[in-house]
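Thanks for coming. I will walk through one structure today, one part after another, and you can follow along on the screen.

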Amino acid sequence: MEPRMNLMTTDIGGKLYKRIVGAAQLLHQSNVPENLLHLVELRASQINGCGFCVDMHSKDAAAGGETPTRLNLVAAWREATVFTDAERAALALTEEGTRLADTHPGVSDETWSAIRKHFDEEQSATLIAAIALINTFNRLNVIARVPAGTYEPGMFN
């Protein structure tokens, strides 16, 4: 696959990426476990078909100690026994928050209740922001056709 363009080499794209990468780094410094943020980012990227982000977040998760079994089962998390109830709530929020146009009213009360059962106010805000941010990255990369396969863990830190 050939990229349509390299947004990072444009003035606006370079500035935008710098800011949203900074926002992503802020979220990874929160009190939400980093491995959970990687699972959220991976699942949204799978849904959105962003190969670059699937490559990136699966590699970063693996480098952070995530197991191949759990990484391989993220797309089928509902049928998998390897995720905690808190992780399942976050993955449900990720799916509903990513597929806003597919459902009304978006995130269900049931999913939100599960989030609040497992996460405090600050962690809930972090998860919302992480889902919004990865969806932004996914859209930028899919539209520009950023190819997958070249990412090295920690490349943007």
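Asp55 and Lys59 are both in helix H3, four residues apart, which is about one turn of the helix. Keep in mind throughout that this is a predicted model. Asp55 counts as buried because its relative accessible area is 12%, under the cut-off of 20%. Lys59, at 25%, counts as partly exposed.

Now the helix as a whole. H3 runs over residues 51-63, so to speak thirteen steps on your screen: it has 13 residues. From its first C-alpha to its last it reaches 18 Å, close to the 18 Å expected at 1.5 Å a residue. Which residues of H3 are buried? They are Phe52, Cys53, Asp55, Met56, His57, Asp60 and Ala61. Their cover includes helix H2 (34-48), helix H4 (68-73) and helix H7 (121-144). After H3 comes Gly65, which has a positive phi, near 105°.

**Aromatic pairs**

Next, the rings. How many aromatic pairs does the structure hold? It holds two. Tyr17 and Phe137 form a tilted one, 6.3 Å centre to centre and with 40° between the planes. This pair links distant parts of the chain, since Tyr17 is in helix H1 (residues 11-28) and Phe137 in helix H7, 120 residues apart. Tyr17 counts as buried, at 9% relative accessibility, and Phe137 counts as buried at 12%.

Phe52 and Tyr151 form an edge-to-face pair, at 6.1 Å centre to centre and 85° between the planes. Phe52 lies in helix H3 and Tyr151 in the segment after H7, so this pair ties together parts that are 99 residues apart in sequence. Are these two residues buried or exposed? Both Phe52 and Tyr151 are buried.

**Thr94 and its surroundings**

Please move to helix H5 (residues 85-98), where Thr94 is found. Thr94 has 0% relative accessibility and therefore counts as buried. What does Thr94 touch, leaving aside its neighbours within four places in sequence? The contacts are Val40, Arg43, Ala44 and Ile131. Ile131 is 37 residues away along the chain, yet the C-alpha atoms of Thr94 and Ile131 are separated by 6.0 Å. The side chain of Thr94 also reaches the backbone oxygen of Ala90, at 2.7 Å.

**Other salt bridges**

The whole structure has seven salt bridges, and I will mention some of them. Arg78 forms one with Glu95, with the closest N and O atoms 2.6 Å apart. Arg78 lies in the loop between H4 and H5 and Glu95 in helix H5, so the pair ties together parts 17 residues apart in sequence. Arg78 is partly exposed, with a relative accessible area of 46%, whereas Glu95 is buried, with 4%.

Glu121 forms a salt bridge with Arg116, the closest N and O atoms being 2.9 Å apart. Glu121 counts as exposed, at 57% relative accessibility, and Arg116 as partly exposed, at 35%.

That is the end of the tour.

How values were computed:
Residues numbered from 1 in each chain as written. Predicted model: local features only at pLDDT ≥ 70, side-chain atom pairs only at ≥ 80, totals over all residues. Heavy atoms only, no water. Helix = DSSP H or I, 4+ residues; strand = E, 2+ residues; numbered from the N terminus. Expected span 1.5 Å × (residues − 1). Buried < 20%, exposed > 50% of the residue type's maximum accessible area, 1.4 Å probe, protein only. Contact = heavy atoms within 4.5 Å. Phe/Tyr/Trp six-rings, centres within 6.5 Å; stacked < 30°, edge-to-face > 60°. Polar contact = N/O pair within 3.5 Å; in protein donor to acceptor, adjacent residues only side chain to side chain. Salt bridge = Lys/Arg side-chain N within 4 Å of Asp/Glu carboxyl O.
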